Amino acid sequence: MTTPYVIGIGNAVMDVIAPTSEDTLARLGVEKGIMQLIDRERSEFLMAAQSADPQAGKARLVPGGSVANTLAGLGMLGLRTAFIGKVASDPLGLSYAEQTEQQGTVFVNPPVAGDVLPTSRSIIFVTPDGERSMNTYLGISAELGADDVSPSVFSGADWLFLEGYLFDKDPGKTAFLKAADACHKAGGQAGIALSDPFCVDRHRADFRRLVAGPMDYVIGNVHEWQSLYEVEDLEEALRQASADCHTVICTRSGEDAILIRGDERVSAPVHRIVPVDATGAGDQFAAGLIYGLAIGADLAAAGRMGCIAAAEVISHVGARPESDLRAAFRTEGLI
C-alpha cells in the first residue's frame, strides 16, 4: 500500500512563547489564561515587551495553527503531508516555512516578499503556574485565497483537511472550494473542522452549503453542531448533519465521541485524564481520526485513535504529540 498523502489548508501562525511574571501580565494589560485577537500595532508592542522583559527567558518560535498541528501529528504517524498556508518573507515567516519543512511537511507556498502584512503570530506569555495567555494577530495568513491553491499540488492526494477559522473571509471560502474540487479530481476526500461556534455563527449559511456540498467528512464539537443547525438538541443536529454529509464526527469534551458514516453509527470511548494543557486536543483528535481512516481502519477504531491522540497531547504542554502514537495504537490492538 502506498503511503497516504494528506494536504491541509489553514492559518500559518507562529507561536512566540516565553515565560513571564504575573506582574508583567498586569503591566502589559494581558488578560490571563485566554486567547484574544489583537491588531498589528498591539502585536508589535507585545513582541517588543516580551523581548525586553528581564524576567522572561528567550522566546521559543514554534510553528502553529490548527491544521498545521494536525499535519504535524499525521507526519509523526508516518503519512505524507503538505501544508497550504501563507507567510511573509520576514524572520517569523522564514522560520515558519523552514521549521515546517524540517519536521517533514511540505510548505507549499514560498514566503511572500514585498509590502505585505506580516506573518501571523500568537504571542504567548507563560506564567509560573503554567497558564498560557495568548495574543493572536492573524496578519497575512488570513489573506490566503484561490490564487494560493495550485491544483498540481493535489496529484495523488488522498485527503484534504480544512480549517473553519480560515472561512472568515471570502478569499478563504474560494480557496476551500478550489481545493476541494482539485482533491476530488485527484480521487481524494475533502473535509473540514468547524473550529469554533462563533465562526459558525458568523457564516452559518456558507458553512451549511459547504457541509452539504463538497465536504466528504466534517468534524465538530457539540456546540459547533448545535450552532450550525440552530438547535439545542444534539441528536437533532446530528440527524440533520448526517443527512447533509456522508461522514459526521462529534467530539464531546471528555465524553465518548460520536461518529456517523452513512447508516453506520459508533462511539469512540474517551479515557478521562486531568489535562496539563488542553491546547491542540481537537487538532490531534483530527490527526488520529484521519490517520485511521486513511489506513483503512474501521470507523470505531479510527475514532478511538483520535481519542488516544487527543489524550496524549493534553498530557503535556504544547499542541503536538511528544510520544509514539503508533505504539499506543498497537498497545490497544488498533493497528
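Tutor: First the cut-off: a disulfide here is a pair of cysteine sulfur atoms within 2.5 Å. Keep in mind, too, that this is a predicted model.

Student: Okay, how many disulfides does the count come to by this rule?
Tutor: The count comes to zero disulfides. Take Cys245, which is in no disulfide: the nearest cysteine sulfur belongs to Cys183 and is 13 Å away.

Student: Changing topic: which strands does β2 pair with?
Tutor: Strand β2 covers residues 13-19. With strand β4 (residues 60-64), β2 pairs in the antiparallel sense over five bridges. With strand β7 (residues 121-126), the pairing of β2 is parallel and runs over six bridges.

Student: Can you give me a residue to look at for each pairing?
Tutor: For the β4 pairing, find Ile17, which stands opposite Arg60. For the β7 pairing, go to Asp15, which has Ser122 opposite.

Student: How many residues of β2 are buried?
Tutor: Six of the seven, so the strand is mostly covered.

Student: Nice. What about β13 and β14, which way do they run?
Tutor: They run antiparallel: five bridges join β13 (residues 255-261) to β14 (residues 264-268).

Student: Which residues other than glycine have a positive phi?
Tutor: Ser195 and Glu230 are among them. Ser195 has a positive phi of about 80°, and Glu230 has one near 55°.

Student: Where do they sit, and are they buried or exposed?
Tutor: Ser195 lies in the loop between β10 (189-193) and α6 (197-202), and Ser195 is buried, with a relative accessible area of 16%. Glu230 lies in the loop between α8 and α9 and counts as exposed at 59% relative accessibility.

Student: What else is in the loop between α8 and α9?
Tutor: Glu232 is found there. At 72% relative accessibility, Glu232 counts as exposed. Glu232 and Val222 are ten residues apart in sequence, and their C-alpha atoms are 9.5 Å apart in space.

Student: Which residues make the contact?
Tutor: On the α8 side, Val222, Trp225, Gln226 and Tyr229 take part, and on the α9 side Leu234, Ala237, Leu238, Gln240, Ala241 and Asp244.

Student: Let's stay in α8. What does Ser227 touch?
Tutor: Ser227 is in helix α8, residues 222-229. Not counting residues up to four places away in sequence, Ser227 touches Pro197, Val200, Asp201 and Arg204. A polar atom of the Ser227 side chain lies 3.4 Å from the backbone oxygen of Pro197.

Student: Is Ser227 buried or exposed?
Tutor: Ser227 counts as buried, at 10% relative accessibility.

Student: Last one: where is Arg80, and what is in contact with it?
Tutor: Arg80 is in strand β5, residues 80-84. Leaving aside neighbours within four places in sequence, Arg80 is in contact with Thr3, Pro4, Tyr5, Val6 and Gly156. Arg80 counts as partly exposed, at 44% relative accessibility.

Student: How far apart are Arg80 and Glu322?
Tutor: Their C-alpha atoms are separated by 19 Å, and the two residues are 242 residues apart along the chain.

How values were computed: Residues numbered from 1 in each chain as written. Predicted model: local features only at pLDDT ≥ 70, side-chain atom pairs only at ≥ 80, totals over all residues. Heavy atoms only, no water. Helix = DSSP H or I, 4+ residues; strand = E, 2+ residues; numbered from the N terminus. Buried < 20%, exposed > 50% of the residue type's maximum accessible area, 1.4 Å probe, protein only. Polar contact = N/O pair within 3.5 Å; in protein donor to acceptor, adjacent residues only side chain to side chain. Contact = heavy atoms within 4.5 Å. Pairing = 2+ DSSP bridges.
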